[in-house]
Amino acid sequence: KQVFIKLDNYKEVLSTIENIKKKIRDAESMLNDVSRVRAEEERTLEHWKNQLETIKNRLLDIDRKLFE
């Protein structure tokens with residue numbers, strides 16, 4: 001079955017579809033950027049947590065040695 005549509009409408013639909021595809025690609029790119037930033041933040045927080053734990057352990061060791 002054939003369907004006839006105006007050429008102007010067809011071109012407008014194609015243009016709209018391309019715009020939607022571009023917006024989807026842009027959104028995916030932004031989500032990837034956010035994920036990358038969050039992962040980096042998580043690594044940084046984990047590093048800080050480890051450093052704090054090391055400092056805490058050293059302080060406990062010093063405290064133990066001073067008050068034996």
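Is Asp 61 buried, exposed or partly exposed? Asp 61 is partly exposed, because its relative accessible area is 30%. The legends below come from a predicted model.

Figure 1. The protein has 1 helix and 0 strands. That helix, α1, covers residues 7-66. Along the principal axes, the C-alpha atoms fill a box of roughly 95 × 20 × 10 Å. The radius of gyration is 29 Å, whereas a compact globule of 68 residues would have a value near 11 Å. Of the 68 residues, 0% count as buried. The accessible surface comes to about 7100 Å². Carbon and sulfur atoms account for 59% of that surface.

**Figure 2. A nonpolar patch involves Tyr 10.** Val 3, Ile 5, Leu 7, Tyr 10 and Leu 14 make this surface patch. Tyr 10 lies in helix α1. Tyr 10 counts as partly exposed because its relative accessibility is 42%, between the limits of 20% and 50%.

**Figure 3. Lys 21 pairs with Glu 18.** Side chains of opposite charge can pair when their charged atoms come close. Here Lys 21 forms a salt bridge with Glu 18. The closest N and O atoms are 3.6 Å apart, inside the 4 Å cut-off for a salt bridge. Both residues lie in helix α1. The spacing between Lys 21 and Glu 18 is 3 residues, about one turn of the helix. Lys 21 counts as partly exposed, because its relative accessibility is 42%. Glu 18 is partly exposed too, at 44%.

**Figure 4. Asp 26 pairs with Lys 22.** This view shows a salt bridge between Asp 26 and Lys 22. Their closest N and O atoms are 3.0 Å apart. Asp 26 and Lys 22 are 4 residues apart in helix α1, so about one helical turn separates them. Asp 26 has 34% relative accessibility and therefore counts as partly exposed. Lys 22 has 43% relative accessibility and also counts as partly exposed.

**Figure 5. Asp 61 belongs to a salt-bridge network.** The side chains of Arg 64 and Asp 61 meet in a salt bridge, with an N to O distance of 3.5 Å. Arg 64 and Asp 61 are 3 residues apart in helix α1, so about one helical turn lies between them. Lys 65 joins the picture as well: Asp 61, Arg 64 and Lys 65 are linked in a network of salt bridges. Asp 61 itself is partly exposed.

**Figure 6. Charges and salt bridges across the protein.** How many salt bridges are there? The count comes to 6. Among them are the pairs Lys 21 with Glu 18, Asp 26 with Lys 22 and Arg 64 with Asp 61. The protein carries 15 positive and 14 negative charges.

Definitions and conventions: Residues are numbered from 1 along each chain as its sequence is written. This is a predicted model: local features need pLDDT of at least 70, side-chain atom pairs count only at pLDDT 80 or more; totals for chains, interfaces and linings use all residues. Side-chain values use heavy atoms; hydrogens and water are left out. Patches are made of residues with over 30% relative accessible area and no salt bridge: like charges are joined within 9 Å, nonpolar side chains (Val, Leu, Ile, Met, Phe, Trp, Tyr) within 5 Å. Accessible areas come from the Shrake-Rupley method with a 1.4 Å probe; for residues, only the protein chains shown count as cover. Helices (H or I, at least four residues) and strands (E, at least two) are DSSP runs, numbered from the N terminus. Buried means under 20% relative accessible area, exposed over 50%, partly exposed in between (1.4 Å probe, protein chains only). The radius of gyration is taken over C-alpha atoms; the globule rule is 2.2 Å times the number of residues to the power 0.38. Lys and Arg count as positive and Asp and Glu as negative; His and the chain ends are not counted. The place of a charge is taken as NZ of Lys, CZ of Arg, CG of Asp or CD of Glu.
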